[in-house]
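Hi,

Here is the structure I promised to send over. Have a look at it first, and then read my notes on the charged pairs below.

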Amino acid sequence: MISAREVAAAALLSLPRATPSRLRTIISVCGGSTSAVSAIRDGSIFELSPLTPIDVIGGWQRNIDIAYEAARLVLERRGTRVLIYDDVDWPIMSSADSMPTMLFAEGDGFEVLTRPRIAVVGTRQPTPHGAADAREIGCHLADAGAVVVSGLAYGIDARAHDGAIRANGLTIGVAGTGLDIPYPAGNTDLWAGVRAHGIIVGENAFGTLPSKQIFPVRNRIIAGLVSAVVIVEAAARGGAMHTAKAALALGLPIYAVPGSRRNPMAEGCNQLIADGAIPLIDPVDIALAISNASVSCRPVTLKQTALCALTSDARTVFLALGGEPASLEQVVSRTNLALAEAAGATRELERAGRLTRSRGRLWPM
Amino acid sequence: MLAAVQSANLFGIEGRTVLVETHVARGLPSYTVVGLPDTAGRESRERVRAAIQSSDLGWPAQRITVNLAPATMRKSGSGLELAIALSLLVATSTVPDSALDGVGVLGELGLDGGVRAIDGTLALVDVLARSGVTRVIVPFDNAAEAALVGSVEVLPARNLTELRACLKAELPWPEMPQPLPRPLENSDQLDLSEIRGLLVARTALAVAAVGGHHVLFTGEPGAGKTMLARRLPTIMVPLELKAALEVTRIHSASGLNRSGWLIENPPLRAPHHSSSVAALIGGGSGAHIRTGEITRAHRGALFLDEIAEFAPTVLDALRQPLEERVVRICRSGHTVELPADFILVACCNPCPCGRSDIQCRCSDLVRDRFRRRLSAPLLDRFDLRVRVNAPSPDEPPGASSAETLDRVLVASERQAYRLRDSPWRRNAHIGARALPDLCSLSALARLRFLEICRDLRLSGRGAACVQRVARTLADLDDLAAIGDAHVEIAAGLREDLA
C-alpha cells in the first residue's frame with residue numbers, strides 16, 4: 001500500500017518549477033511531504049517558505065490537487081515506491097544541492113537500501129576482456145554481499161548487472177528515462193532481471209524519454225548512491241568519466257581496471273590511475289576491500305576450467321596469445337601447431353571458458 | 001522467282017534455325033519482311049536494299065516478300081541480313097540456286113555491301129551443323145569462332161560482291177583469317193604469391209576452387225579480401241573442351257568474345273554493387289533474352305565485392321540460381337533456361353565505418369544492423385565464411401598460384417573419380433542423402449564431428465556443409481578418408497559473422 005507521504009512527495013515532484021533545492025526547503029520547513037502538500041493547499045506555505053517566489057507557489061497551488069490525484073493513481077497502478085531524502089533509509093549520503101530529493105523506485109529487492117553499494121560503470125562498447133571483467137566484478141561484489149549499482153546501458157553496465165544477477169546478488173539500476181520506458185530497448189530483459197534482483201531507481205517523471213542530456217545528469221545519482229566507484233573500461237571521454245568526476249566531487253574512492261595502452265577502451269581508466277585512482281589489479285580485490293568476510297578466489301557462478309586441466313595444445317595456444325587478442329593465423333605462426341590443431345585447441349579453450357571470439361580475433365580470458 | 005536460305009537466330013544462348021524465304025513477283029515495286037522480326041530486324045530492310053544497290057547487284061523493281069520461317073517465332077537482331085540478301089540474289093538469279101544447297105548463312109550487312117560480325121556465332125553455327133548444314137557462310141571476323149564447331153566447312157565472307165563471285169566459283173574463297181592475339185585475361189597477371197600470410201583464407205580459396213563451395217570473406221578494409229577473390233580463377237581447374245565450348249558459346253552470345261579463341265580459363269565476373277536484378281540474373285523483353293552476370297560466370301566465379309552494398313532484392317534473387325545452378329527466365333510466350341553454375345565469392349566489411357577493428361567505434365547495434373543486410377538464407381549458402389585479418393608486413397609471401405593449382409588439380413581428379421556415377425560434379429553439390437556414402441567420416445573424424453556439432457550448435461544444414469567442406473579438404477590432402485583434422489578445419493572455415 002502506498003503511503004500518503006510518498007504520494008505527496010510524487011505530487012510535489014510533478015509540480016511546475018519544483019527544483020530539488022526548493023523541494024528540499026519546503027519539505028524541511030513544513031516537516032514532511034504530506035504537510036507540505038497541505039501547506040500549499042491552504043496557503044500557509046507563503047509564510048513558511050518566504051524565499052520561494054510567489055508566482056512559483058501560485059502555480060503550485062493551481063496544480064496541487066490534480067497532481068496529487070494523478071500521483072496516487074500512477075503509484076498505485078505501478079506499485080512504485082517513492083524514496084524521500086528525509087526517509088530513514090534514504091540511500092544518498094550527500095546533501096549537495098545537485099542531488100535529487102526524491103527517487104522513484106520499483107522492484108522486489110528494497111533491502112538494497114540497507115546494504116553497502118558499489119558502482120560498476122564503463123563504456124557501452126567494451127572489449128571482450130572488459131565485458132568479462134565487468135561481469136566478474138559484479139559477481140564478486142554480489143558474493144561479498146554488496147549491491148552493484150550501474151546505469152542499465154549496453155556494455156559494461158549490462159555485464160555488471162548481469163554478474164550480480166548470476167551470483168544471485170543484489171543490484172540497483174539507475175535509469176535516466178522514466179521508469180516506464182525501458183532504455184535501451186535491447187536491454188528490456190535486463191530491466192526485468194534488475195527489478196527481480198533489486199530495484200530500478202530514477203528521478204524523472206513517468207514517460208520521460210531518453211535524451212542526450214539526461215544520462216550525464218543521471219550519472220551523479222549513481223555516484224551519490226555508492227561508497228566507491230569501479231570504472232572497468234572507459235574511453236578518454238564518455239559517460240563513465242562523468243561518473244568518475246561526480247564521485248571525485250563527493251570524495252569517493254575510485255577504482256579503475258588498468259588496461260593495455262593499445263586498447264583505446266582502456267585509455268580512460270589508465271588516465272584515472274595516472275590521476276590517482278586505485279588500480280584494480282584483480283576483480284577480487286574490490287570484494288576484499290569492502291568486506292571483512294573471507295572471499296572466494298573465483299565466483300562459482302563463472303565457469304572456467306583451470307589451465308592445467310586442458311590439453312597441451314590448448315595450453316600452448318593460450319600462452320601464445322599472451323593475454324592479448326590475436327587471429328588464428330597469428331596463433332599458428334607463433335606456436336608451430338598445424339591449422340587443425342590450433343583450431344581444435346581454440347575450440348577447447350572456448351568450451352572451457354578461457355577464450356571468446358569477437359571481431360575476428362581470439363580473446364584469451 | 002522463289003528462293004530459300006538456311007540461317008539461324010539467337011534465343012537466349014541457344015541458336016534456332018530460321019529459313020529465309022524470298023518471293024519476287026510482278027506487281028507494284030515493294031519490299032516487305034514478314035515473320036515477326038524485332039526492331040533491328042525491321043530496320044534490316046534498309047540495310048539489305050542499300051547493300052545490294054551499292055554492290056551493283058541490281059535491285060528488282062518488283063514485288064518482294066521476305067518471310068522468316070517459322071512464322072510464329074520472334075526473331076531478334078541483325079544476323080539474318082546476309083541470308084535475306086543472298087536469298088534475294090538467288091530469287092533474281094544473280095546467284096545460282098545450287099550454290100546455296102546445304103549452306104547456312106549468317107551475317108549483318110553494312111550499307112556498302114560489307115559483311116559485319118555478329119554475336120553468338122558459335123551457338124548459331126552449332127545449331128546449323130546439327131540441322132544438317134555442311135557449309136556455313138559467316139562474316140570474316142567470326143570465321144575463327146565458327147571453325148570451333150569443327151563439323152562444318154566455314155566459308156568466310158567479306159562483302160557481297162566478293163561473296164557472289166565466290167558462290168559462282170569465279171573467285172576462290174578467302175583464306176581463313178589469322179586469329180586475333182589471345183586477349184589478356186585478368187588471371188594472367190595475378191598470382192597468389194603477391195599476398196602475405198592469410199593462411200586460413202587461402203585454404204578457403206583452394207577449397208572453393210576444388211569443391212565449388214561459395215565463399216564469403218569479411219574483414220577490415222585493406223586486409224586483402226579483394227586481392228584473394230580476384231585470384232580465384234588462377235587456381236581453378238582449366239575448362240575441359242565441352243565446358244570451354246559452353247562458356248565460349250555463352251560469352252559469344254552475350255557479345256563478350258569476338259576474338260574467336262576458345263575460352264579455356266574459368267571466367268571471373270565482378271559486377272558493381274549498383275547492378276540491377278536483370279543485370280545479375282538475366283532478362284530483357286521481346287525475342288532476345290540477355291544473359292545475366294550469373295550466366296556469364298558459368299563454370300567460373302561470380303565475385304561480389306562489398307556484397308552488403310548490393311540491393312537486398314538483387315541478392316535474394318540469387319538464392320534460387322545458387323540452389324539449382326540454372327536460372328529460368330520466363331516471359332509471356334517463352335521461357336529460357338540459362339546455365340548458372342558458378343562459385344560465388346563475396347567480400348564485405350564487418351561494419352559500416354570501414355576502419356580497422358582496433359579503431360572501429362561502431363557500436364554492436366550498428367554492426368548488427370550492418371550484418372543484417374545479408375539475409376540469413378543467403379548467408380547460409382556460403383559454405384565458407386572466413387574472417388580476413390590484415391597480415392603483418394613481416395609475414396612471408398604464401399604459396400604461388402601454380403603451387404596451389406597443382407594441389408587443386410590432384411584434388412579435383414580425386415573428386416571427379418568419386419563423383420563419377422553420381423549426378424553431381426563437385427563436393428558442394430552433393431545431396432544430403434548421399435552424404436554418408438560420398439563423404440563418409442572415419443571413426444575418429446565422426447567423434448570430432450559430433451563434438452563440433454554440439455559445441456557450435458550446428459543446424460542440420462550447417463552440419464552437412466561442414467561434412468562437404470571436410471571432404472574437399474581431404475581431397476586437397478589427397479586422402480580417401482576424411483580425418484578429424486579436416487572436420488576441425490571445415491568447422492573453422494564456417495565462422496559466424498561477429
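A:Glu6 and A:Arg81 form a salt bridge, with their closest N and O atoms 3.8 Å apart. (By salt bridge I mean a side-chain nitrogen of Lys or Arg within 4 Å of a carboxyl oxygen of Asp or Glu.) This pair ties together distant parts of the chain: A:Glu6 sits in helix α1 (residues 4-13) of chain A and A:Arg81 in strand β1 (residues 81-84) of chain A, 75 residues apart. Helices (H or I, at least four residues) and strands (E, at least two) are DSSP runs, numbered from the N terminus. A:Glu6 has a relative accessible area of 10%, so it is buried, while A:Arg81, at 26%, counts as partly exposed. The cut-offs there: buried is under 20% relative accessible area, exposed is over 50%, and partly exposed is in between, with a 1.4 Å probe and protein chains only.

Before you go further, some ground rules: this is a predicted model, where local features need pLDDT of at least 70 and side-chain atom pairs count only at pLDDT 80 or more, though totals for chains, interfaces and linings use all residues. Residues are numbered from 1 along each chain as its sequence is written, chains are lettered from A and ligands numbered from 1 in the order in which they are written, and side-chain values use heavy atoms, leaving out hydrogens and water.

Over all chains, the structure holds 42 salt bridges. One of them joins A:Arg347 and B:Glu488, at 2.9 Å from N to O. That one crosses between chains, from helix α15 (residues 339-351) of chain A to helix α20 (residues 484-492) of chain B. Both A:Arg347 and B:Glu488 are buried. They also belong to a network of salt bridges that takes in A:Arg351, B:Arg448, B:Glu451, B:Asp455 and B:Asp484.

B:Glu46 is partly exposed at 42% relative accessibility, and B:Arg49 is partly exposed at 24%.

One more arginine to look up is B:Arg231, in the loop between α8 (225-230) and α9 (241-253) of chain B. Is B:Arg231 buried or exposed? Its relative accessibility is 5%, so B:Arg231 counts as buried. Leaving aside residues up to four places away in sequence, B:Arg231 touches B:Leu190, B:Asp191, B:Leu192, B:Glu194 and B:Ile195, where contact means heavy atoms within 4.5 Å.

Cheers
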